[in-house]
Amino acid sequence: MKNTHSFQLNDRTSLPSIGFGTVNINGAQGVTSVLSAIEAGYRLIDTSTNYNNEGMVGEAIRRSSVPREELMISSKLPGHSHEYDKAILMIQESLYRIGLDYFDKYLIHWPLPKRGKYEEAWQALVDAQKFGLIETIGVSNFLPEHLERIIEITGVTPATNQIERHPYFNNNELVEYNKSRGIITEAWSPLGREINDVLTNDTIVAIAEKYNKEPAQIIIRWNLQNGILPIVKSSSAKHQKANLDVFDFELSEEDIQTIDSLDKGEAGRVEGQHPNEYEEFD
Ligand SMILES: NC(=O)c1ccc[n+]([C@@H]2O[C@H](COP(=O)([O-])OP(=O)(O)OC[C@H]3O[C@@H](n4cnc5c(N)ncnc54)[C@H](OP(=O)(O)O)[C@@H]3O)[C@@H](O)[C@H]2O)c1
């Protein structure tokens, strides 16, 4: 099934409703995985300097028969380059690595509030957008206080905020805050990565059986019906296809609430990465 549904953003561009994640997808095998994802219908590809795979993603783009302008390529600014000048150079370097002359979307990966440089980083993204290096600018792992600060300083609201969200950590308060600001939420690790067991959770499995769908499809649908864009990773062509085959059924409100009730609060985070504490590696 083609990934044709879309989210309208506050900068008047749009994004496909499901993105393809690339953490730990690297090298020659990674090229094969990204190519099969594009073949399956994914058009939004999520990478990051921290994933050490922007070159691999670029190679897949060049080998793909899908024209560049039909793909939405998104990367992220690492914490070591939050200072304004470093951020501009990092964006340029990332473009050289991936072999593109612009990113469709680019995010600040983590706010790192203890370092106190994310405001400068946001100003750099705002300017890089004006220079034509990035089409849509957004953030990742930003809490309301970080969002309020960058909006106050620059007057520019991010189009997207990519945050941790899966059934054990639904992050609903932040999702609601994003909505109130007109920011589209992207969900990272929607299937709990390889770390938690949401895909074999009894409640999710029972709901999946009821709709004759797979657990992963239920979780993806739970995101879409909440207005959230899931970024899903799979190295398997079969799973890649299945994860797009979610437009022929609708979860009931009751089932959505049942999935919401699986939330474990802070204890549910896959790796305990609270955005005010987490210091990404350099
Ligand atoms: N902004 C941030 O700070 C941040 C942080 C983490 C992640 N992310 C982004 O979010 C993306 C997704 O998160 P993630 O990679 O952590 O993990 P995820 O998408 O939650 O889960 C991936 C795991 O689910 C399995 N899977 C996928 N589809 C399946 C299906 N239909 N049935 C059964 N198993 C299935 C995959 O195995 P197979 O390969 O065998 O299918 C893989 O083990 C990342 O790749 C990255 O792009 C961003």
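Modeller: A polar contact is a pair of N or O atoms within 3.5 Å; within protein, one must be able to donate a hydrogen and the other to accept it, and residues adjacent in sequence count only if both atoms are side-chain atoms. The model is predicted: local features need pLDDT of at least 70, side-chain atom pairs count only at pLDDT 80 or more, and totals for chains, interfaces and linings use all residues. Residues are numbered from 1 along each chain as its sequence is written, and side-chain values use heavy atoms, with hydrogens and water left out.

At Arg193, an N or O atom of the side chain lies 2.8 Å from an oxygen atom of the ligand. Backbone atoms take part as well: a polar one of Leu191 is 2.8 Å from a ligand oxygen, and one of Pro190 is 3.3 Å from a ligand oxygen. The ligand taken alone exposes 910 Å², of which the protein buries 88% (Shrake-Rupley accessible areas with a 1.4 Å probe; for residues, only the protein chains shown count as cover).

There are 29 residues around the ligand, and those that come nearest are Asp46, Ser189, Ser234, Ser235 and His239; a residue is near a molecule or strand if one of its heavy atoms lies within 4 Å of it.

The ligand sits in the largest pocket. On a 1 Å grid over the protein atoms alone, a pocket is an open set of points with protein on both sides within 12 Å along at least five of seven lines, and lining residues have an atom within 4 Å of a point. A molecule sits in a pocket if more than half of its atoms lie within 2 Å of its grid points.

Terms used. 1 Å grid on protein atoms, 1.4 Å probe; cavity = no way out; pocket = protein on both sides within 12 Å on 5 of 7 lines; lining within 4 Å.
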